[in-house]
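Begin with the terms, then take the chain as a whole, and then a few single residues.

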Amino acid sequence: MPELPEVEVVRRGLERWVAGRTIEDVEVLHPRAVRRHPAGGVDFAARLRGETVGVPQRRGKYLWLPIAGRDLSVLGHLGMSGQLLVQPADAPDEKHLRIRVRFDDAAGTELRFVDQRTFGGLSLHDNTPDGLPDVIAHIARDPLDPLFDEAAYHLALRAKRSTVKRALLDQSLISGVGNIYADEALWRARLHYERPTATLTRPRSAELLGHVRDVMNAALAVGGTSFDSLYVNVNGESGYFDRSLDAYGREDEPCRRCGTPMRRRPWMNRSSYFCPRCQRPPRVVS
């Protein structure tokens, strides 16, 4: 699943190529692509015709296109394989093209939602007073948000009585962090993924948060992490952060700090990658 850096790369591309453009027509080519819009594809298309796209926004892993002058937004669910591509209007259709958005200008490009596995989609929602689509109002601010409250996060972390990786992936505490960047930040912080949150001091949680920010900014600088052709920006280009990963996907490879072979363990239907020497497991108290 794309995490904050990958979604932010897409948002920046949409801001450059789509913001301020007026929608001429919307073509829904697969009903599953609008399944989160209960009124269906015909209603989705009709309500967007003639509307102008505002500046694309993001919170954590969630991306939306505000409708200028309205308390409405188009929320994009990228899912496992969703792509928002800006393509020349005369470019051949992608095999898994699900939604096409045409604009009423002479730019010669259109917005396409392509989704091989059809887990993602687009949907239209009312906004909250804060400008968020109402269905994601519960999502916490992300660590790159200037208004992220570190003190409140530390208190919530301690009160959660969970383990540190579970807490990093809890989108109601902190948004945007997924499996890849959680493992990377924990490796940098020398913390085992099962470390109880109650044992984290304020300086230790601040240090971890700093590593989360650092790894996300580093990923952003090279376009995010692309393990296959499904993770691309709006121009269809892959990111390169997978070449810089220190933990994720490096089972049996030497730790870049101490040389110990990295390990992988099953974790909540996923995997956790860690160094058994640098990230020692917590002691079990009997």
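A residue is called buried when its relative accessible area is under 20%, exposed when over 50%, and partly exposed in between, with a 1.4 Å probe and protein chains only. The model is predicted, and local features need pLDDT of at least 70, side-chain atom pairs count only at pLDDT 80 or more, and totals for chains, interfaces and linings use all residues. Residues are numbered from 1 along each chain as its sequence is written, and side-chain values use heavy atoms, with hydrogens and water left out.

The chain as a whole comes first. Its secondary structure consists of 6 helices and 10 strands; these are DSSP runs numbered from the N terminus, helices being H or I with at least four residues and strands E with at least two. The C-alpha trace spans about 65 × 40 × 30 Å along its principal axes. The chain has a radius of gyration of 20 Å, which agrees with the value near 19 Å that a compact globule of 286 residues would have. That radius is taken over C-alpha atoms, and the globule rule is 2.2 Å times the number of residues to the power 0.38.

Of the 286 residues, 52% are buried. The accessible surface comes to about 13,400 Å², and carbon and sulfur atoms hold 48% of it; such areas come from the Shrake-Rupley method with a 1.4 Å probe, and for residues only the protein chains shown count as cover. A contact means heavy atoms within 4.5 Å. Among contacts with a separation of 6 or more, 65% are between residues 24 or more positions apart.

Now to single residues. Ser-123 belongs to strand S8, residues 121-126. Beyond four places in sequence, the residues in contact with Ser-123 include Arg-36, Phe-44 and Leu-75.

Arg-11 is found in helix H1, residues 4-17. Arg-11 is buried because its relative accessible area is 12%. Its side chain has a polar contact of 3.0 Å with the side chain of Glu-8. Leaving out residues up to four places away, Arg-11 touches Val-55, Pro-56, Gln-57, Arg-58 and Leu-63.

Ala-218 sits in helix H6, residues 202-221. With 29% relative accessibility, Ala-218 is partly exposed.

Most residues other than glycine have a negative phi. Arg-190, which is not a glycine, has a positive phi of about 60 degrees; Arg-190 lies in the loop between helix H5 (179-189) and H6 and is partly exposed at 48% relative accessibility. Asn-269, also not a glycine, has a positive phi of about 65 degrees. Asn-269 lies in the loop between strand S9 (263-267) and strand S10 (270-274), and is exposed, with a relative accessible area of 85%.

Methods
Polar contact = N/O pair within 3.5 Å; in protein donor to acceptor, adjacent residues only side chain to side chain.
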